[in-house]
Every structure is written in structure tokens, then in C-alpha cells.
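Here are my notes on the model you sent.

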Amino acid sequence: MELTTPNIEIPFYEPAGDEIEIFEHAWKNRLPLLIKGPTGCGKTRFVAHMAARLGRPLYTVACHDDLTAADLVGRHLIGDGQTVWCDGPLTRAVREGGICYLDEVVEARKDTTVVLHPLADDRRLLPIERTGELLAAPPEFMLVVSYNPGYQNLLKGMKPSTRQRFVSLRFDFPDEARERAILCGETGCDADLARRLVNIARALRALKDQDLEEAASTRLLVYAATLVRAGMTPLTACRAAIVESLTDDPEVAEALMEVVSATFGH
């Protein structure tokens, strides 16, 4: 779990459309937000940008198979010979009027919906069974969840009864011009490097579901641009930041490097 302190520099974010306006309206009207889109397309960066923009503390939780409702709400801990209650990230966000962001929420155990449902409808309540508290979320509190529809299966899909409690945004990989702007804005790289990296990403994305399980994300391009800016050669940076992150198969990796070499030269 990560707490982002408010009133710091607003993270760079290049808008794709009206997502900033939708987020602001949802927050002002006390509505929860669901963001769906592929890995590395900017969902987490967008939420960090909006939290800083609105001046709210941000609690980010990377959901996983073992994440329980107690991990979100809190639990009793033993310290100095006594038992004390420790708030979880969801409870802290409610108490502080912050934003709680549950990344890849479908990975969490199903019992988490027990605490999310009353927070995600007009009640905006967080029951804490172990302390007997019933917290009413202040107007500034917002619940944001995200997931990658490409990962969904019958066991890990979001239930319609949960999904219909949220205002929803669909994210996808940025178009060519916007992705170049993101690379320049986030890493300070020049326009030519951004153009070459974006061309590589577009070529590799065409291989998804053929040789690759996942498409090359914008996040990986940012990593590659950062390494090149730090002095690494483009071929080495692309192998480390893009190719080896996409596949474990040596033959596939060499095939992907051919795409990189065609752009940067051997």
C-alpha cells in the first residue's frame, strides 16, 4: 500500500479526451469510479495526477489473490503488551477524505465486495465489524477501482452487481501523437527518440495474441526512454526495458530485437 502526500508536484499526464472532466464530476458528486484498460496504458498515472490535482491524499492498493477485506479495513495488532487497532488503507482514506485506488480489483478475494458495496452506492458507509464502528464517508472521499478486461475469466470477472455501482471509464493505449507527447513529457527525451520508440511499440502490439501474451505498454516505453536518456544505447535499453519484459522465450526475444534493430540499426 502506498500513501501519496497531497500538495506536491502534480504528476505529468497527457489527456486522451474528457477523462479529467469525468473524474472531477464524479468526485464532486460523490460517485465511485471504475477504470478499465490494458496493462501500462496510464490508469495508475491518471489517478495519481487527479489526486494531486484535487489536493487529496491517495491510498493505492495493488490487489492480489490473498488480499482480504481485513487488509483493506484494518486489524488488531499486538504491540507493547497490548492489542491495538490499526486502520487499513481504505479506512484511512475514508477518515481523511482521501482517494482510495484499488488497482486490479478483480484479483482481490471476493469478501472484499462486502466492504466495497456500501461505500460504492448512495449509502457511502464503511462498517468496521471488529470495532463496531460505522464510518460515514465525508464528501471528499472517493473510491476508484481498475482492472484489465484482458485478464478476466469466469473466476475473476467483476460481478455485474459490483460493476453497476461505478461510473466507468475505458482506457486504451494512446494514439501515436499522444504517446510521443507522453514520452517527451515524462522523460524529457527528444522527439526523434520518442518517435522511434512509439514505432517499435506499434509494431510489437501487432504481435499480441500471436507471439506475445501482452502488448508493449506505454510504461515500458517510458522505461526505455529513461534508460537511453541516462546514457544507455537504444538497443540495450530496449532489450532490458521492453523485450525481456514481454517474453521469456529466447527465440521470441530475438525476433522482437529484430524489430528494435530495424528502427535503431545494429
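How far is the sulfur of Cys 86 from the closest cysteine sulfur?

1. Cysteines. The model is a predicted one. In it, 14 Å separates the sulfur of Cys 86 from the closest cysteine sulfur, which belongs to Cys 100. That is too far for a bond. A disulfide here requires the two sulfurs within 2.5 Å. Searching the whole structure gives zero disulfides. The surroundings of the two residues are worth noting. Cys 86 is partly exposed, with a relative accessible area of 28%. Cys 100 is buried, at 0%.

2. Overall architecture. The chain has 266 residues, and 47% of them count as buried. Its secondary structure comprises eleven helices and ten strands. The C-alpha trace spans about 65 × 45 × 35 Å along its principal axes. Take the contacts with a sequence separation of 6 or more: 71% of them join residues 24 or more positions apart.

3. Phe 23 is buried at 0% relative accessibility. Phe 46 is buried too, with a relative accessible area of 0%. Ring pairs join Tyr 13, Phe 23, Phe 46 and Phe 171 into a cluster.

4. Helices α10 and α11. How do the axes of these two helices cross? Helix α10 covers residues 234–246 and helix α11 covers residues 250–264; their axes come within 10 Å and cross at roughly 145°. The crossing is right-handed. On the α10 side, the contact is made by Pro 234, Leu 235, Cys 238, Arg 239, Val 243, Glu 244 and Leu 246. On the α11 side, the residues are Ala 253, Glu 254, Leu 256, Met 257, Val 260, Ser 261 and Phe 264. By class, this contact has ten nonpolar, one polar and three charged residues.

5. Helix α4 and its end. Helix α4 spans residues 89–96. Its buried residues include Pro 89, Leu 90, Thr 91, Ala 93 and Val 94. An α-helix has 3.6 residues a turn, so residues three or four places apart point the same way. After α4 comes Gly 97, with a positive phi near 65°.

6. Most residues other than glycine have a negative phi. Which loops hold the residues to check here? Glu 104 has a positive phi, near 55°. It sits in the loop between β6 (99–103) and α5 (112–116). Glu 104 counts as buried, at 13% relative accessibility. Arg 124 also has a positive phi, near 50°. Its place is the loop between α5 and β7 (125–128). Arg 124 counts as buried, at 10% relative accessibility. Please look at both backbones in the viewer.

7. His 76. Is this residue in a strand or in a helix? His 76 lies in strand β4 (residues 74–79). It counts as partly exposed, at 38% relative accessibility. Setting aside neighbours within four places in sequence, His 76 is in contact with Thr 83, Val 84, Trp 85 and Arg 130. Pro 38 is another matter: it is 38 residues from His 76 in sequence and 36 Å away in space, C-alpha to C-alpha.

Definitions and conventions
Residues are numbered from 1 along each chain as its sequence is written. This is a predicted model: local features need pLDDT of at least 70, side-chain atom pairs count only at pLDDT 80 or more; totals for chains, interfaces and linings use all residues. Side-chain values use heavy atoms; hydrogens and water are left out. Axes are lines fitted to C-alpha atoms, for helices over the stretch in contact, and angles run from 0 to 180 degrees between N-to-C directions. Helices (H or I, at least four residues) and strands (E, at least two) are DSSP runs, numbered from the N terminus. A crossing is left-handed if the near helix is turned anticlockwise from the far one by less than a right angle, and right-handed if clockwise. Contact means heavy atoms within 4.5 Å. Ala, Val, Leu, Ile, Met, Phe, Trp, Tyr, Cys and Pro count as nonpolar, Asp, Glu, Lys and Arg as charged, and the others, Gly among them, as polar. Buried means under 20% relative accessible area, exposed over 50%, partly exposed in between (1.4 Å probe, protein chains only). Rings of Phe, Tyr and Trp (its six-membered ring) pair if their centres lie within 6.5 Å; planes under 30 degrees apart count as stacked, over 60 as edge-to-face and the rest as tilted.
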